[in-house]
Amino acid sequence: MATAISFTAPRTELKTIEAEKAALSVDRLDLVTSEVHGKPSPLMLEETDELIQSSLVALEKELDVRQRKRSDESEESNDDDSSPYGRAVRLCPEYVKTRVFRLKFLRAEKFDVQKAADRIEKHWETRLRLFG
């Protein structure tokens, strides 16, 4: 006889949660609380206008370099297919190149331009794979 499988989230006793909270240091508890409530943590960079602007410019350059490299490679192999990011730029530049869109990726990677560019490319690869 088959047993029923529960697809609901596991239940946790309130006592267990309270015990875990009590075991955390004050700093760790503050960090977890700020993450849960979407508040800036003390570990986040201070976002100055200069940091934002210089990161956006560097990200634009990095993405352009990557696109040029891909187009050079596709010309050598006679391959007409561009990257998902390249397609997105061609089809909807008013969305892909916006400050708000790019800042999401820079913030997710703590303003590391290389990682943000990687994340943007993976984002468009995933969207293409999921939605065509």
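Four aromatic pairs are present in the structure, a pair being two rings of Phe, Tyr or Trp (its six-membered ring) with centres within 6.5 Å. The structure is a predicted model, in which local features need pLDDT of at least 70 and side-chain atom pairs count only at pLDDT 80 or more, while totals for chains, interfaces and linings use all residues. Residues are numbered from 1 along each chain as its sequence is written, and side-chain values use heavy atoms, with hydrogens and water left out.

A pair of aromatic rings is described by the distance of the centres and the angle of the planes. Planes under 30 degrees apart count as stacked, over 60 as edge-to-face and the rest as tilted. The ring centres of Y95 and W124 lie 6.3 Å apart and the planes stand at 85°, so this pair is edge-to-face. The pair links distant parts of the chain, since Y95 belongs to helix α5 (residues 93-96) and W124 to helix α7, 29 residues apart. Accessibility is classed by relative accessible area, with buried meaning under 20%, exposed over 50% and partly exposed in between (1.4 Å probe, protein chains only). Y95 is partly exposed because its relative accessible area is 35%, whereas W124, at 10%, is buried. Together with F101 and F105, Y95 and W124 form one aromatic cluster.

The protein holds seven helices and zero strands, and its pattern along the sequence is α-α-α-α-α-α-α. Helices (H or I, at least four residues) and strands (E, at least two) are DSSP runs numbered from the N terminus. Of the 132 residues, 23% count as buried. Contact denotes heavy atoms within 4.5 Å. Among contacts with a separation of 6 or more, 59% involve residues 24 or more positions apart.

The largest nonpolar core contains 18 residues, of which L59, Y85, L106, I120 and W124 touch the most other members. Such a core is a set of buried Ala, Val, Leu, Ile, Met, Phe, Trp, Tyr and Cys residues joined through side-chain atoms within 4.5 Å. At least two residues of this core come from each of α3 (49-76), α4 (84-91), α6 (99-108) and α7 (113-131). Helix α7 provides the largest share, five residues. With residues up to four places away in sequence not counted, I120 touches L59, L63, Y85, R102 and F105.

Two packed helices are described by the angle between their axes and the distance between the axes. Axes are lines fitted to C-alpha atoms, for helices over the stretch in contact, and angles run from 0 to 180 degrees between N-to-C directions. The axes of α4 and α7 come within 8 Å and cross at roughly 85°. Angles under 35 degrees count as roughly parallel, over 145 as roughly antiparallel, 65 to 115 as roughly perpendicular and the rest as oblique; α4 and α7 are therefore roughly perpendicular to each other. In this packing, P84, Y85, R87 and A88 of α4 meet I120, E121, W124, E125 and L128 of α7. E121, a residue of helix α7, counts as buried because its relative accessibility is 9%. Apart from residues up to four places away in sequence, E121 touches R66, R70 and Y85.

The loop between α6 and α7 holds K110 and F111. Most residues other than glycine have a negative phi, and most peptide bonds are trans. K110, although not a glycine, has a positive phi of about 50°, and F111, also not a glycine, has a positive phi of about 65°. K110 counts as exposed, with 56% relative accessibility, whereas F111 is buried, with a relative accessible area of 11%.

An unreviewed UniProt entry places the feature "domain: CRAL/TRIO N-terminal" at residues 98-123; UniProt positions are given in the numbering used here, feature names are shortened, and annotations may be inferred rather than shown by experiment. Over residues 98-123, the chain is 81% helix and 0% strand, with the end C-alpha atoms 15 Å apart.
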